[in-house]
Amino acid sequence: MDVDFARPDVARLVFRLFSRELHPELINVYAAAAIKSNDYEAKLQICDAGHVITFCRNGQMLCEVMTGREHPLPKRRRILSHGVQGHRCESLQLADGVNYHVSFQLEKLEPDVFLHFHEELLADCSKAELAHRFDAAGRLAPTPLSFMETEATAEHLIVHAFHTFPDNYGVVKTQSMFELR
């Protein structure tokens, strides 16, 4: 499998937030998990270029998507849309008692630093809520990987997501918080 099929160039990544669920056929899902509490439900998915988090409370839905720019996602009910470059933070106070906070960053590393960090992330994958290792571009190339860790309480859901892009020596880190008021 060509790694670019599994992972686009890191420069083509976009972060989007919708006030609706996305149609399942729009995203290629490689791994998924669900979280349920008395006050909310969440679906975590690892996709080809990143992740999808769908959070639902009392009929209100938020859908966070990190994917390639070439994915044809709808514009209807899109709340945020940003290219993934450097570091960015956003906070929104939404109806029905939900505060949403997100911080994401792209780190481009030197090749030797990337390889060391990638090995550390591989070890972390075994403890993660959700993880997926994509096929490598070659026999000796590092495998692109994604994993998500969660902290779920009655008051909030925090999701930490990590995605590696070996062809670009890039790591994307995301922290998303869905906070109930």
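This is a predicted model: local features need pLDDT of at least 70, side-chain atom pairs count only at pLDDT 80 or more; totals for chains, interfaces and linings use all residues.

Q: Okay, how many aromatic pairs does the structure hold?

A: The structure holds seven aromatic pairs. One of them joins Tyr 100 and Phe 178, whose ring centres are 5.3 Å apart with the planes at 50°.

Q: Why does that pair of Tyr 100 and Phe 178 count as tilted?

A: The angle between the planes is 50°, and because stacked pairs need planes under 30 degrees apart and edge-to-face pairs need over 60, the rest count as tilted.

Q: And where in the chain do Tyr 100 and Phe 178 sit?

A: Tyr 100 is in strand β8, which covers residues 98–108, while Phe 178 is in strand β12, so that the pair links parts of the chain that are 78 residues apart.

Q: Are they buried or exposed?

A: Tyr 100 is buried, with a relative accessible area of 0%, and Phe 178 likewise counts as buried at 0% relative accessibility.

Q: Which residues do ring pairs link into a cluster?

A: The cluster consists of Tyr 40, Phe 55, Tyr 100 and Phe 178, linked by ring pairs.

Q: What about Phe 114 and Tyr 169, how are their rings arranged?

A: Phe 114 and Tyr 169 form an edge-to-face pair, with 5.8 Å from centre to centre and 75° between the planes. This pair also links distant parts of the chain, since Phe 114 belongs to helix α2 (residues 111–125) and Tyr 169 to the loop between β11 and β12, 55 residues apart. Phe 114 counts as buried at 0% relative accessibility, whereas Tyr 169 counts as partly exposed at 34%.

Q: Switching topic, which phi value does Tyr 169 have?

A: Tyr 169 has a positive phi of about 50°, although it is not a glycine. Asn 58 also has a positive phi, near 45°, and is likewise a residue other than glycine.

Q: Where is Asn 58, and is it buried or exposed?

A: Asn 58 lies in the loop between β4 (51–57) and β5 (60–68), and at 61% relative accessibility Asn 58 counts as exposed.

Q: Last one, where is Thr 164 and what does it touch?

A: Thr 164 is in strand β11, residues 156–165, and is buried, with a relative accessible area of 0%. Leaving out residues up to four places away in sequence, Thr 164 touches several others, among them Arg 7, Phe 114, His 118 and Val 171.

Methods:
Residues are numbered from 1 along each chain as its sequence is written. Side-chain values use heavy atoms; hydrogens and water are left out. Helices (H or I, at least four residues) and strands (E, at least two) are DSSP runs, numbered from the N terminus. Buried means under 20% relative accessible area, exposed over 50%, partly exposed in between (1.4 Å probe, protein chains only). Contact means heavy atoms within 4.5 Å. Rings of Phe, Tyr and Trp (its six-membered ring) pair if their centres lie within 6.5 Å; planes under 30 degrees apart count as stacked, over 60 as edge-to-face and the rest as tilted.
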